[in-house]
Amino acid sequence: MNRDLHLSNSLGNKKEKFEPLDLKNIGMYVCGPTVYDDPHIGNARPIVIFDLLFKVLKCKFGKETVTYVRNITDIDDKIINAAKEKNISITELTKKTTKTFHDDCKYLNCEKPTHEPKATENIELMIKMIEDLINKKFAYESEKHVYFKVKNFKDYGKLSNKKLDDLIAGSRVDISENKNNPEDFVLWKPSDDNEPSWPSPWGKGRPGWHLECSAMSKKYLGETFDIHGGGRDLIFPHHENEIAQSRCANETNSFANYWV
């Protein structure tokens, strides 16, 4: 019986035999929830899918060999806006929503990941990565914002299989007068007085959404690892931007080898 494991890899858009970087240290990172509202059925699907993959990997390679990281995004514009609408604190909102998410995971009989880091617990790592990108000429500061220079990364668009001009024309590129080019994406942004903020070389503020996963995956899995999972709607811009900033900051030829 053929016991090889094959995965449909979005990077290259083909089905491939899974060959881990290290048989004794297999890493999988999955984009977790942004905890601004109660989970819905669409949020449940990736939880179940990647729980199943986690179980299969442990069954095939051994329980102690697989590290599954799934983050919690607990700082984001959606969270700030939702807290204002509900007239509650951000801490109260994120704590309540995270508990609901965990209750749902338990109800679905999904295992806990090996690590479940929160974005707010890893701000220093994100600031360090931004500093590295600026020093390596892949990012720039503008009006207390820091942006990634997309045109400086030659492989941008490889995951989504689109040319840069096509991506710029899409509706998911934020337009701002602070940017040098419209396709550049934010790594750090200033916060208003009534919004969560952390001190940084560019003033008090908070990290961009895409940066969180790059910093946390590196912390737990290293600069290059096996599998990166998430919803299909995250391919662009989130996963595309993760690849760009991670490879440029770490000076590697790859980030995750299989995108599911």
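The buried residues of helix α1 are covered by several elements, including β1 (6-9), β3, β4, α3 (90-107) and β9 (225-229). Those buried residues are A44, I47, F50, D51, L53, F54, L57, K58 and F61. Please keep in mind as you look around that this is a predicted model.

How many residues does α1 have? The helix has 21 residues, and the 31 Å from its first C-alpha to its last is close to the 30 Å expected at 1.5 Å a residue.

## Aromatic pairs around α1

Nine aromatic pairs are found in the structure. One of them brings F18 and F61 together edge-to-face, with 5.9 Å from centre to centre and 80 degrees between the planes. This pair links distant parts of the chain: F18 belongs to the loop between β2 (14-17) and β3 (26-30), F61 belongs to helix α1 (residues 41-61), and 43 residues separate them. Are these two residues buried or exposed? F18 counts as buried because its relative accessibility is 4%, and F61 is buried too, with a relative accessible area of 18%.

A second pair joins F54 and Y68. Their ring centres are 4.9 Å apart and their planes meet at 55 degrees, so this pair is tilted. Here, too, distant parts of the chain are linked, with F54 in helix α1 and Y68 in strand β4 (residues 66-70), 14 residues apart. F54 is buried at a relative accessible area of 4%, and Y68 is buried at 1%.

The charged end of K58 sits over the ring of F54, 4.2 Å from its centre, while K60 lies over the face of F61, at 5.5 Å from the ring centre. F61 also belongs to a cluster in which ring pairs link F18, F61 and Y258.

In soluble globular proteins, nonpolar side chains tend to be buried together. Here, the largest nonpolar core has 40 residues, and Y29, L133, F148 and L187 have the most contacts inside it. Two or more residues come from each of α4, β6, β7, α6, α7 and β10 (256-259). Apart from this core lies another, of 15 residues, and among them are L5, F54, F61 and Y258.

What does Y29 touch, beyond residues up to four places away in sequence? Its contacts include V69, N71, C213, M216, S217 and L221. F225, I227, H228 and G229 are also touched by Y29.

Helix α4 (residues 123-135) has 13 residues, which should span 18 Å at 1.5 Å a residue; the end C-alpha atoms are 19 Å apart, so the two values agree. Buried along α4 are I123, M126, I127, M129, I130, D132 and L133. An α-helix has 3.6 residues a turn, so residues three or four places apart point the same way.

Which elements do the buried residues of α4 pack against? They meet the strands β5 (139-142), β6 (145-148), β7 (185-190) and β8 (205-207), along with the helices α6 (209-221) and α7 (235-250). After α4 comes K137, with a positive phi near 70 degrees.

β5 and β6 pair in the antiparallel sense over four bridges, and E141 has V146 in β6 as its bridge partner. The two strands form a hairpin with two residues between them.

Most residues other than glycine have a negative phi, and most peptide bonds are trans. In the loop between β5 and β6 you will find E143, which has a positive phi of about 55 degrees although it is not a glycine. K144 is found in the loop between β5 and β6, and its phi is positive at about 70 degrees although it is not a glycine. E143 counts as exposed because its relative accessibility is 62%, and K144 is exposed with a relative accessible area of 53%.

A cis peptide bond joins F236 and P237, with omega at about 10 degrees. P237 lies in helix α7.

## A contact across the chain

D155 has its place in the loop between β6 and α5 (164-169). Although D155 and A244 are 89 residues apart along the chain, their C-alpha atoms are separated by 7.7 Å. Leaving aside neighbours within four places in sequence, D155 is in contact with E240 and R247.

How values were computed: Residues numbered from 1 in each chain as written. Heavy atoms only, no water. Phe/Tyr/Trp six-rings, centres within 6.5 Å; stacked < 30°, edge-to-face > 60°. Buried < 20%, exposed > 50% of the residue type's maximum accessible area, 1.4 Å probe, protein only. Lys NZ or Arg CZ within 6 Å of the ring centre and 35° of its normal. Expected span 1.5 Å × (residues − 1). Contact = heavy atoms within 4.5 Å. Pairing = 2+ DSSP bridges. Core = buried A, V, L, I, M, F, W, Y, C linked by side-chain atoms within 4.5 Å.
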